[in-house]
Amino acid sequence: MYETIAMILAGGQGSRLSILSDHRAKPAVPFGGIYRIIDFTMSNVMYAKIPVVGILTQYKPYSLMAHISTGEAWGFTGRKHHAKILPPYVGEADSDWYGGTADAIYQNLSFIDRFDPDYVFVLSGDHIYKMDYNELLEFHVSKNADLTIAMQEVPREDVHRFGIAVTDGEQRITDFIEKSKTAPSNLASLGIYLFNRPFLEQVLNEDAADKNSGHDFGKNVVPDNIKKARLYAYTFKGYWQDVGTIDAYWTTHQEALNSAASGLDLERWNVRTNNILEKLTNLQPLRVTARAHVRHSIISPGCIIEGEVYGSVLSPGVHVKPGAKVEKSIIMNESIIGEDSQVIYSILDKNTVIGKNCKIGIGESIPNKESPNILSCGISVFGKYAILPDGFVVGKNCLVYPVVEGSDYSGEVISSGETIRPKCKRKIKIR
Amino acid sequence: MAKVVALVLAGGNVEGYGILTRNRTKAALPFAGHYRIIDFALSNLSNSGITYVGVITQYLPASLIEHIAGGEAWDLHGSDRIIKIMPPFVGIGHTIWFQGTSDAVYRNLNFVHDLNPDDVIILSGEHIYHMDYNEPLKFHHEKDADLTIVGQRLPSERLSLRFGFLEADKDNRVTMFREKPPEILSNFISIGIYIFKKDALINEFNRRFQEARFTQNFVIDVVEPITQRLNVFAYEFGGFWEYLENVNKYYQTTMRMIGEENPVKLADWEIVTNPEDRRLGTRNPVFTGRGANIKDSLISPGCRIEGTVSHSVLSPGVIVEEGATVMDSIIMHDSIIRKGSFIQKVISDKNVTIEQNCSIGVEMRKDKNNPELPDSPLGLTILGKGAVIGEDIKIGGLSQVYPGMDLRSYSGTHFAPGVNIK
């Protein structure tokens, strides 16, 4: 009945995104002003005219479910178009990702059966890229493949973060090593799989029966079938990025500001988002006052700029007050930067309030003392609804937790590498 | 609570807007970037909880029909919430198109009959204001009025013969009402919002129809006679209200919205537009280049600014290339201003292309006027929808380039101020 359908793995916790993914799954983390990370994959599916998409959720799915809603924003409504959220079954053990990526799809085979497709895309909701999946499908068909994996050459020092393939002259995969520092090549899997549907059912059934399997595509299903089946690597030349860390998240935003050099061209990609939820449609045009300076930035509707904004990405409704300066930062919805404050190399989650005459992101780059692995690139991060009182100074690699307010700080100077938490449980006050 | 039906008059022929209203009604004119003028009336109705709305059009309704669509944008779509567009029609007994507002309302009275409300509020879709209609409705019920006219006292410099003039006694009872008389009769004018008891409206229409005494103007045919016979009161509205009588006023009102003294509080007033119109809802954020210089402006989603934009309002999808300058201008959807061009005091309709190194609206001649535009010290130049201005073209102020004109073969030409290029 259907040629292709898509399954999106959207359960990622994104723990290395720190407090940005405290309240939401990684695919629901805002990106590029008005988007969320999953919008990139959803839009790719939409532009490929794949009519059915299943979105597999697990970790903190509320913002993601609200965001996907009926799928109408991506055209998934109508008699033959469907977008369905597929949470784990009730009673499922509270473990990582159902029981692994392959298990997540295995448990939803009946969803796939309903549409009787010839091909199934298994995608991730964590990545920033634009790909024409139909080119991948053409390649897959031309190779008479059972499974095709989209791949890209990555820098040698990054190979340990990926599944790495070795291919023959025909791009057939002859070896596959998951996340190893001694990988024999730098051809990395982008987590984009295209399966023949009978093959998918067969290998998932086999994997489910294998008690020793970790039920993961990269660790188990792919390596186990290299000899038994026809697995191919499709080389993707375009921009692709996993924004899994604070550093990558910030750098990727800078790349969006330099689209000609980076290839991350939000303006041309026309990524769709669900703007009804974000009330985007009620927002006024961007307002820039007579004394403002705005350059080299992406600014969403509803923002009011009375100060200076350079090299930054602003979500809807951000207010930069007179004399304030925002540089090389990412400021999310409805945040306020007070008069004469300076914000540099920072990420401010939604509804943050920075007082007057504050300075954020200055001084030495000392790694975060509590979480040096997560925060050492020099970026300071403020959680949702955090407040910084007038005149405070915040260094680099600082972490200010959501809903922190004045009484939670022990002094007016927060040195580089410090972490500030609320001293008591506190509800978010909706302004 | 009384049941109220609203009829929005959104379709008269408009003068004073030059080519901007050649292919659309004034209510459908883009305003403040990504809105249209009718969004104010529709948002006010929706925010007031008035959920039965008929939009009466007589003139070029296509862009309005597209804009209003199913009414979802204003939450006027649901089991007890409807918005219905009433375009002109001909049929048995009606062999000619609507002849003015009276006829247009009369022929659509079925909408009122079917819904059978207590009151009918008839208002214009062409004005910029914010009103909770529950206030005048409450007044209307307290006075047990057959008709309540919403009015405003204006300073003498704003009075003109285009208004209806009111006088009221200390109980707010209307003692005089004349629409568009030959002389100014008072400083208390009707702002085009009329609340009728349903029966008073229907009876008056039937009476006038039997007497076959329709002129063409609903206010003259129906409102004026009622004021002479029935219980009519005037409700004074003290808030901001703007009539946008011509393109100069449209421009000035738009420009006031840029400044710190902006009287049109879009966010506070909860003015919403249809995100489906011209793909507003799927536009990107604003991209600003390294050489961008933006000051004192409103910029809609989907714009890309590489050059200078000063004291201007840009609708969605406008591109200002590096080295181009846009000053004191209103640029509508998806227009492009290429490198090295300089435009000032221009209203550019949708999809206009200005090629490189043009100069538009800069050169002025005080003694000039344009027979197709209202007199104006502003010297505005209007570029029609889809016009293409070729490279190195110079067009003086107070000029018009007609919609669809392709001037690429006129590269290097200098058009003096005050011309109409057709």
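**Entry 1: overall size of chain B**

I take the radius of gyration over C-alpha atoms, and the globule rule I use is 2.2 Å times the number of residues to the power 0.38. I keep in mind that this is a predicted model. For 422 residues a compact globule would come out near 22 Å, and chain B has 23 Å, so the two agree. I also looked up the extent of the C-alpha trace of chain B, which spans about 65 × 50 × 45 Å along its principal axes. Next I checked burial: 53% of the 422 residues of chain B count as buried. Then I turned to contacts in chain B with a separation of 6 or more, and residues 24 or more positions apart account for 57% of them. For secondary structure, I noted eight helices and 33 strands in chain B.

**Entry 2: the two domains of chain B**

The domain assignment gives me domain 1 (4-256) and domain 2 (283-421) in chain B. I find their C-alpha centres 34 Å apart. Where they touch, 15 residues of domain 1 of chain B are in contact with 23 residues of domain 2 of chain B. Which helix gives the most to the domain 1 side? I found helix H8 (residues 247-256) of chain B there, with four residues. By class, I have that side of domain 1 down as six nonpolar, eight polar and one charged residues.

**Entry 3: confidence in chain A**

I see an average pLDDT of 93 for chain A, with 95% of the residues scoring at least 70. I marked residues 91-96 of chain A for care, as the pLDDT there is below 50. Beyond near neighbours in sequence, I find one contact for this stretch in the model.

**Entry 4: Ala104(A)**

I located Ala104(A) in helix H3 (residues 101-106) of chain A. Is Ala104(A) buried or exposed? I count 24 other C-beta atoms within 10 Å of Ala104(A), so this residue is buried, the cut-off being 20 or more. I also checked Ala104(A) against Thr251(A): they are 147 residues apart in sequence and 31 Å apart in space, C-alpha to C-alpha.

**Entry 5: two asparagines with positive phi**

I looked up Asn357(A), which has a positive phi of about 50 degrees although it is not a glycine. I place Asn357(A) in the loop between strand S26 (353-354) and strand S27 (359-360) of chain A. Its 16 other C-beta atoms within 10 Å make Asn357(A) partly exposed.

Asn351(B) sits in the loop between strand S25 (346-348) and strand S26 (353-354) of chain B. I count 18 C-beta neighbours inside 10 Å, so Asn351(B) goes down as partly exposed.

Key
Residues are numbered from 1 along each chain as its sequence is written. Chains are lettered from A and ligands numbered from 1 in the order in which they are written. This is a predicted model: local features need pLDDT of at least 70, side-chain atom pairs count only at pLDDT 80 or more; totals for chains, interfaces and linings use all residues. pLDDT is the predictor's confidence in each residue, from 0 to 100. Two residues are in contact if their C-beta atoms, placed from the backbone, lie within 7 Å. Domain bounds come from an automatic or database domain assignment. Ala, Val, Leu, Ile, Met, Phe, Trp, Tyr, Cys and Pro count as nonpolar, Asp, Glu, Lys and Arg as charged, and the others, Gly among them, as polar. A residue is buried if 20 or more other C-beta atoms lie within 10 Å of its own, exposed if 12 or fewer, and partly exposed in between; C-beta atoms are placed from the backbone.
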